[in-house]
Each structure stands twice: as C-alpha cells, then as structure tokens.
Amino acid sequence: MKKSITVTLSMAAITALVGCGQSGSDPSEAPTDLVISTWGFAEDFFNEEVYAPFEEEHNVNIVVDIGNNAERLNRIRQGTATIDVIYLSDYYAQQGIDEGLFANIDRSRIPAIEDLYDLAQAPLGEEYGPAYTVGQFGIAYNPDEVESPITSWSDLWDEALANNITLPNITATTGPMFLDAASIVAGEETFNEDAAFDQLNTLKGNVVKEYDRTSDFVNMFSQGEIVAGPFMEMYLKDLLAAIPGTEFVTPSEGAYAVLNTVNVVEGSNNKELAEEFINWHLSKEVQEASAKAKIDSPVNKLVELSSEEAEGITYGEDTINELKLLDMEFVNEQSAQWIDRWNREIAN
C-alpha cells in the first residue's frame with residue numbers, strides 16, 4: 001500500500017488534518033488522523049509494514065511530517081504544527097523533554113516495552129518514550145587505503161592518517177560522543193572537558209573537515225577525500241555500496257549507543273491512539289521485519305536473526321549491553337559551552 005502523504009506538509013495543512021477525537025475500529029466511522037513526525041527514509045517500508053496494518057486495525061489515517069531532528073523539533077517549539085507522535089534521536093528528545101514539549105506516557109498501554117533491552121526501555125526517564133532502535137557509533141575505514149588495521153579510537157590520531165579523516169561536528173547527534181571518546185584517548189577515566197579538547201587539538205592535522213550529515217561522510221569516503229572516521233553502523237550499507245571492502249570497527253575502548261526515541265507530543269488529542277501505535281512499532285513483528293529489511297536495528301529482545309540477517313546492524317544482547325550510553329541531560333546542559341569552545345578551538 002502506497003500512502004498518499006509521505007512528504008513534508010505545510011504546517012497549516014497538518015493542523016487542519018488532525019482529528020479531535022479518539023479513533024475507533026468501526027469502519028463506518030470516519031478514520032482518525034494520526035500525525036507522525038519522522039525522518040524521510042525507507043518510506044515504502046514504513047508505509048507497507050508499519051503504517052498500513054495499524055491504519056486497517058484502528059480505522060486510522062496516518063499523516064507523515066518529514067524533516068531532520070532540528071527542523072521537526074522546532075516546528076513543535078514554534079507551535080506551527082499539531083503532531084501526535086515524534087521520532088527523534090535521544091540528543092534532541094532530551095531537549096524536548098527539558099522544554100516540556102512531550103506528554104508523560106502511560107506505560108500500561110505500551111506493554112511491549114517490557115520486551116526491550118534495558119537501555120531502550122526508559123533512556124530519558126520512565127515518564128517519556130522508549131527507544132525503538134539502537135545503533136552503535138564506532139569507526140568506518142577503507143582497509144585498502146590505510147597502513148594497518150584500525151582497532152581503537154586512539155588509532156585516529158596516527159600520523160599515517162594525516163589529512164585523511166573526518167569528524168562529526170559537535171552539533172551533530174554523535175558530536176558529544178566523539179568528545180567523550182577524545183577524553184578517553186587522553187587517559188581520563190571519567191569525562192574531562194579540558195583533556196578532551198586538548199586531545200582534539202592534537203588531531204586537527206588528520207582532519208579534512210567536520211561533517212554534519214551522514215551523507216557528507218559517505219560522499220567524502222566514496223570520492224576518496226577521506227579513508228576513515230567516526231561513523232554510525234546503521235549507515236554502513238551506504239559505504240559498502242560505494243566501497244565494498246569497507247570495514248566497521250567497534251573500538252577497543254568501546255562504541256557508543258545511538259538511540260532513536262519515540263514520544264507523544266504534549267497536547268495531542270490522540271494520546272491513547274499514539275501510545276497504541278508506539279506499542280505496535282515496538283512489537284516483535286515490526287521490529288523483526290525492520291531488522292531483516294536492514295532499516296533499523298531491533299531493541300526487542302524477542303527478535304531472532306540469522307548471522308546473515310544480522311550483518312550490518314547492531315544486534316544481540318552482548319553487543320548492546322557493552323555500548324556506552326551518554327547522559328543526555330548532562331550533554332544538553334553543557335551543549336552551548338561545548339559548541340562555543342569547539343568553534344573557537346577545533347572547527348576548520
């Protein structure tokens with residue numbers, strides 16, 4: 001089933017489309033519009049495997065609002081759209097929580113949460129939404145263009161990689177993660193801002209430029225402008241399409257958990273329906289289909305994958321339990337200071 005609305009709508013149009021009452025399953029009733037704010041990737045998969053079955057079961061018409069994290073969060077901040085459900089990385093979701101933009105969820109209406117790995121159940125607090133997928137932030141590199149295999153964060157400081165790597169900008173979702181990694185490379189057992197920035201200053205000679213979007217990394221990598229850099233495993237397939245021999249590494253010091261969350265927006269007229277939808281997305285059925293399609297790594301522990309099906313995604317209790325998880329409340333408290341310092345000391 002191909003949905004009729006899978007592009008960013010004008011804010012007036014979205015607001016006008018939102019229903020005022022709770023949906024029912026009686027097909028004789030007009031369907032309730034449920035507005036979901038999300039990214040614009042894998043639209044066919046979500047239309048057919050996630051949205052369509054829920055629409056049929058609950059007499060719902062799902063309206064999709066598309067954009068990146070910052071754009072979509074800003075639309076809620078500004079009150080220019082009425083959104084029921086919003087998908088955001090944990091970095092941006094914490095900002096929404098701090099600003100009171102999300103409703104407290106009723107976990108009794110989302111029983112599938114109990115089937116999730118611990119780190120996904122309440123990454124930003126019990127009152128707010130779970131993570132629906134997890135990825136790991138490690139290192140990608142082209143083995144044909146480096147002198148020796150890359151196995152650790154510290155290897156990125158090797159002089160052999162001079163003018164050959166990229167870094168995520170501090171404003172990117174993974175920027176604070178690499179800042180933490182720099183602190184570890186500096187020999188600190190707990191995060192030390194000064195040590196991290198000092199360590200990053202010694203890396204500048206290896207960096208071509210920072211990247212803001214994963215697509216920027218992919219383009220530089222495929223064109224040979226870089227041979228390595230910190231990268232999210234969930235996008236490895238894009239690098240493999242360009243350079244089949246690409247390697248992804250879980251650094252010896254540890255990789256970081258990249259969590260994408262789902263929340264109900266404060267003031268939604270369809271809160272219970274939104275919670276039912278979240279429960280559906282967390283179900284074994286949806287999580288398994290998404291994993292097998294290489295769309296999202298599963299957080300539902302009941303999902304079972306073969307080694308071939310698990311290739312290129314973050315999967316398995318041992319792998320997930322070893323991921324480092326940043327305190328996003330602390331990250332957001334320090335964010336302005338880090339951005340200012342990054343722009344003064346690190347940015348090219």
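**Pockets, cavities and domains**

In the second largest cavity, the biggest contribution to the lining comes from α2, with three residues. Before going on, the ground rules. This is a predicted model, in which local features need pLDDT of at least 70 and side-chain atom pairs count only at pLDDT 80 or more, while totals for chains, interfaces and linings use all residues. Residues are numbered from 1 along each chain as its sequence is written, and side-chain values use heavy atoms, with hydrogens and water left out.

Now the terms for the spaces. On a 1 Å grid over the protein atoms alone, a cavity is a set of points where a 1.4 Å probe fits but cannot get out. A pocket is an open set with protein on both sides within 12 Å along at least five of seven lines, and a lining residue has an atom within 4 Å of a point. Points are joined across faces, edges and corners, and a volume is the space filled by probe spheres set on the points. Helices (H or I, at least four residues) and strands (E, at least two) are DSSP runs, numbered from the N terminus. For residue classes, Ala, Val, Leu, Ile, Met, Phe, Trp, Tyr, Cys and Pro are nonpolar, Asp, Glu, Lys and Arg are charged, and the others, Gly among them, are polar.

Back to that second largest cavity. Its space is about 50 Å³. The lining is made of T38, W39, F41, F46, V50, Y51, Y87, Y132, F277 and H281. By class, eight lining residues are nonpolar, two are polar and none is charged.

How many cavities of 30 Å³ or more are there? The count is three. The largest cavity holds about 80 Å³. It has 10 lining residues, and T38, W39, F41, E43 and Y51 are the closest to its centre. Here too α2 gives the most, with four residues, and both α2 and β2 supply at least two. The classes are six nonpolar, three polar and one charged.

Moving to the domains. The bounds come from an automatic or database domain assignment. That assignment gives domain 1 (32-134 + 258-316) and domain 2 (135-257 + 328-346). Taken over C-alpha atoms, the centres of the two domains are 27 Å apart. Domain 1 puts 19 residues into the contact and domain 2 puts in 21, where contact means heavy atoms within 4.5 Å.

Where do the lining residues of the largest pocket come from, by domain? At least three come from each of domain 1 and domain 2. The volume of this largest pocket is about 880 Å³. Of its 33 lining residues, W39, N69, T214, M232 and Y235 are the closest to the centre. Elements giving two or more residues are α3 (69-78), β4 (131-141), α8 (214-222) and β9 (256-264), and the largest share, four residues, is from β4. The lining divides into 14 nonpolar, 14 polar and five charged residues.

The second largest pocket has a volume of about 210 Å³. Its lining also takes at least three residues from each domain. Among the lining residues are M234, L236, L240, T246, K294 and D296. The class counts are five nonpolar, three polar and four charged.

One of those residues, T246, sits in the loop between α9 (236-242) and β8 (247-249). Is T246 buried or exposed? T246 counts as buried because its relative accessibility is 7%; buried means under 20% relative accessible area, exposed over 50%, and partly exposed in between (1.4 Å probe, protein chains only). The T246 side chain reaches the backbone oxygen of I243 at 2.6 Å. Beyond four places in sequence, T246 is in contact with Y141, P143, F221, L236, L239 and L240.

Another loop residue is I113, between α4 (90-98) and α5 (118-121). I113 is buried, at 2% relative accessibility. Its C-alpha atom is 7.3 Å from that of P130, 17 residues apart along the chain. P130 is also one of the contacts of I113, as are I105, R107, Q121 and L282, with neighbours within four places left aside.

Last, backbone angles. Most residues other than glycine have a negative phi. N59 is not a glycine and has a positive phi of about 55 degrees. N59 lies in the loop between α2 (43-58) and β2 (60-66) and is buried at 13%. N163, not a glycine either, also has a positive phi of about 55 degrees, and it is placed in the loop between β4 and β5 (165-168).

Notes: A polar contact is a pair of N or O atoms within 3.5 Å; within protein, one must be able to donate a hydrogen and the other to accept it, and residues adjacent in sequence count only if both atoms are side-chain atoms.
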